[in-house]
Every structure is written in C-alpha cells, then in structure tokens.
Amino acid sequence: MITLQEAVLQRHSVRNYKDKKIEEEKIALIREKISELNKEGDLNLHFSDDAGKTFRSFLSRMSGLGSAPSAIICSGPDSEDLEERVGYYGEQLVLYIQQLGLNSCWVGMFSRKQAEKLMPVENGERTVIAIAVGYGETQGKERKTKSFEEVAEMPEGTEAPNWFREGVKAALLAPTAINQQKFTIRLKEDETVEFIDNGGVFSRVDLGIVKCHFKIGSGYKVL
Ligand SMILES: Cc1cc2nc3c(=O)[nH]c(=O)nc-3n(C[C@H](O)[C@H](O)[C@H](O)COP(=O)(O)O)c2cc1C
C-alpha cells in the first residue's frame with residue numbers, strides 16, 4: 001500500500017467513474033476506517049453503495065458526478081466546529097481511499113434531500129457534504145496552486161524551518177472548494193502554528209482538510 005505522503009501527492013479530484021463496483025473487501029475496509037474516524041471525530045460519516053440515488057439529481061448532473069458508484073455522506077452532531085471536523089477526518093478517509101487504489105471527489109453540490117433518504121439524520125445532526133468514490137476513468141490531473149509565499153506567514157526576518165515548509169507544501173496539495181485555497185498558515189514566535197480561514201464557500205471544511213495535510217507533511221500535532 002502507498003504511504004500517506006504518496007497518497008497526498010497522487011490524489012486529484014476525479015469526476016468521471018468507470019461502471020465498476022467497489023470490491024466487497026475494500027468496502028469492508030472503508031467501513032472499518034469510517035467507524036474509527038466516527039469515534040475519534042464524533043461524526044456520522046456514512047458509506048453508501050448506491051451513489052446513483054445521491055448524485056443523479058438535477059444539481060449533481062450539473063457537477064457531473066452521476067457516474068460515481070459509491071459515496072460517503074458526511075454528517076454529525078451539530079456544533080460550531082462540525083464543518084472543520086468533517087474536513088479533517090473526511091480527508092483522512094479520502095487519503096485512505098487513495099491508498100486502496102480508488103479515486104474520489106469532495107462534493108458540496110449534491111441533493112441533501114436525496115442523501116438524507118439514504119441516511120436519515122438524527123435529531124440534532126446535520127449533513128455537511130458528500131464524497132464521491134469509485135474507480136476513476138483517469139487518475140485526475142494536477143491543477144493550479146498558490147505559492148508558499150501566498151499562504152504562509154513567518155515572524156519577520158525569520159526563515160521557515162524545514163518541517164513548516166513541508167507542512168505548507170502538503171497543505172497546498174489539499175483539495176479546497178472551487179480550488180479557492182483561501183487559507184493562511186502562520187508560524188508564530190513560539191513555533192506554534194495558526195490556521196486562518198479567509199472565508200469563501202465551504203471554507204471551514206477546507207480548513208479541516210488543510211490541517212490534515214499539514215500534519216501529514218510536517219508531523220506537527222494539529223488537533
Ligand atoms: C469542500 C469542497 C467542496 C467541493 N465541491 C465540489 C463539487 O460540488 N463539485 C465538484 O466537481 N468538485 C467539488 N470539489 C472539488 C474541488 O473542485 C477540487 O478539490 C479543487 O478544484 C482542487 O482540485 P484537486 O482536488 O484535484 O486537487 C470540492 C472540494 C472541496 C474541498
């Protein structure tokens with residue numbers, strides 16, 4: 001199996017999928033991982049083997065994800081940091097899916113109504129986003145990215161240590177909604193790191209995803 005660092009490098013959003021079901025063994029592994037992440041992150045991520053119902057609505061046809069055979073619906077007990085936790089733990093799942101040789105795409109634009117038919121949300125829970133999963137027609141492709149200087153801040157007159165550079169490098173490979181990359185990663189005098197959300201659609205989910213990548217790149221304890 002490829003390492004998490006390799007998964008960070010190889011992952012790209014994939015929007016067109018082969019008409020091929022995911023093997024039962026892989027589904028079992030994904031379900032196992034989901035149950036670990038749900039416990040750790042106090043979430044209710046849910047694997048659905050029938051993404052057709054989730055995505056084949058008018059809106060999803062616009063985003064072109066109707067071919068995905070499976071999906072993960074990301075819900076959890078409502079709280080102020082729900083979006084960020086969905087991003088942080090959901091991206092661990094996305095990278096695990098990459099390690100299993102599958103492809104994926106975060107999907108903000110899908111029918112919540114359809115998704116909640118597949119996975120009714122309990123009282124006090126909220127559905128935030130979904131993740132399409134399957135065997136891609138391609139592995140996706142590299143896209144434009146901001147530079148280190150555009151997203152990183154250091155105390156004046158200081159050089160960034162290597163671990164911080166590696167963290168930012170991995171964070172720049174993180175998926176963000178419409179590739180907006182509206183975040184700042186600030187290294188402080190005391191060598192702690194601050195993550196700043198500069199707004200935009202789904203930017204709280206983005207921030208959680210960015211933290212997940214920064215941790216993998218740098219080894220810095222994020223949460
Ligand atoms: C929170 C979030 C929501 C997204 N929503 C959609 C979506 O609705 N439709 C879509 O095609 N891609 C969606 N994406 C995928 C982004 O467009 C993609 O991650 C970004 O362009 C960067 O490309 P990459 O993932 O290949 O690195 C979403 C990504 C994130 C993180």
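Guide: In what follows, helices (H or I, at least four residues) and strands are DSSP runs numbered from the N terminus. The model under discussion is predicted.

Visitor: How many residues line the largest pocket, and which lie nearest its centre?

Guide: The lining comprises 35 residues, and those nearest the centre are Ser-13, Arg-15, Cys-105, Thr-176 and Asn-179. Two or more residues of this lining come from each of helix 1 (4-10), strand 3 (103-107) and helix 9 (203-218). By class, 18 lining residues of the largest pocket are nonpolar, 10 are polar and seven are charged.

Visitor: Which space is taken by the ligand?

Guide: A molecule is assigned to a pocket if more than half of its atoms lie within 2 Å of the pocket's grid points. Here the ligand takes the space of the largest pocket.

Visitor: How many residues surround the ligand, and which are the closest?

Guide: There are 22 residues around the ligand, with Arg-11, Ser-13, Arg-15, Met-109 and Arg-143 the closest. This shell divides into 12 nonpolar, six polar and four charged residues. Strand 3 and helix 9 each contribute at least two of its residues.

Visitor: What distances separate oxygen atoms of the ligand from the side chains of Arg-11 and Ser-13?

Guide: A polar contact is a pair of N or O atoms within 3.5 Å. In the side chain of Arg-11, an N or O atom is 2.8 Å from an oxygen atom of the ligand. For the side chain of Ser-13, the corresponding distance is 2.6 Å. Met-109 takes part through its backbone, where an N or O atom lies 2.9 Å from a ligand oxygen atom. As for cover, the ligand taken alone exposes 620 Å², and the protein buries 89% of that.

Visitor: Which residues line the second largest pocket?

Guide: Its lining consists of Gln-5, Val-8, Leu-9, Glu-166, Lys-169, Ala-170, Leu-173, Ile-216 and Gly-217. This second largest pocket has about 150 Å³ of space. Helix 1, helix 8 (162-172) and helix 9 each provide at least two of the lining residues. The classes are five nonpolar, two polar and two charged.

Visitor: How many cavities of 30 Å³ or more are counted, and which element gives the largest share of the lining of the largest cavity?

Guide: In a cavity, a 1.4 Å probe fits but cannot get out. The count comes to one cavity of 30 Å³ or more, and the space in the largest cavity is about 30 Å³. Around the largest cavity stand Thr-176, Gln-181, Lys-182, Phe-183, Asp-197, Ser-203, Asp-206 and Leu-207. Helix 9 gives the largest share of this lining, three residues. The lining of the largest cavity has two nonpolar, three polar and three charged residues.

Conventions: Residues are numbered from 1 along each chain as its sequence is written. This is a predicted model: local features need pLDDT of at least 70, side-chain atom pairs count only at pLDDT 80 or more; totals for chains, interfaces and linings use all residues. Side-chain values use heavy atoms; hydrogens and water are left out. On a 1 Å grid over the protein atoms alone, a cavity is a set of points where a 1.4 Å probe fits but cannot get out, and a pocket is an open set with protein on both sides within 12 Å along at least five of seven lines; lining residues have an atom within 4 Å of a point. Ala, Val, Leu, Ile, Met, Phe, Trp, Tyr, Cys and Pro count as nonpolar, Asp, Glu, Lys and Arg as charged, and the others, Gly among them, as polar. Grid points are joined across faces, edges and corners, and a volume is the space filled by probe spheres set on the points. A residue is near a molecule or strand if one of its heavy atoms lies within 4 Å of it. A polar contact is a pair of N or O atoms within 3.5 Å; within protein, one must be able to donate a hydrogen and the other to accept it, and residues adjacent in sequence count only if both atoms are side-chain atoms. Accessible areas come from the Shrake-Rupley method with a 1.4 Å probe; for residues, only the protein chains shown count as cover.
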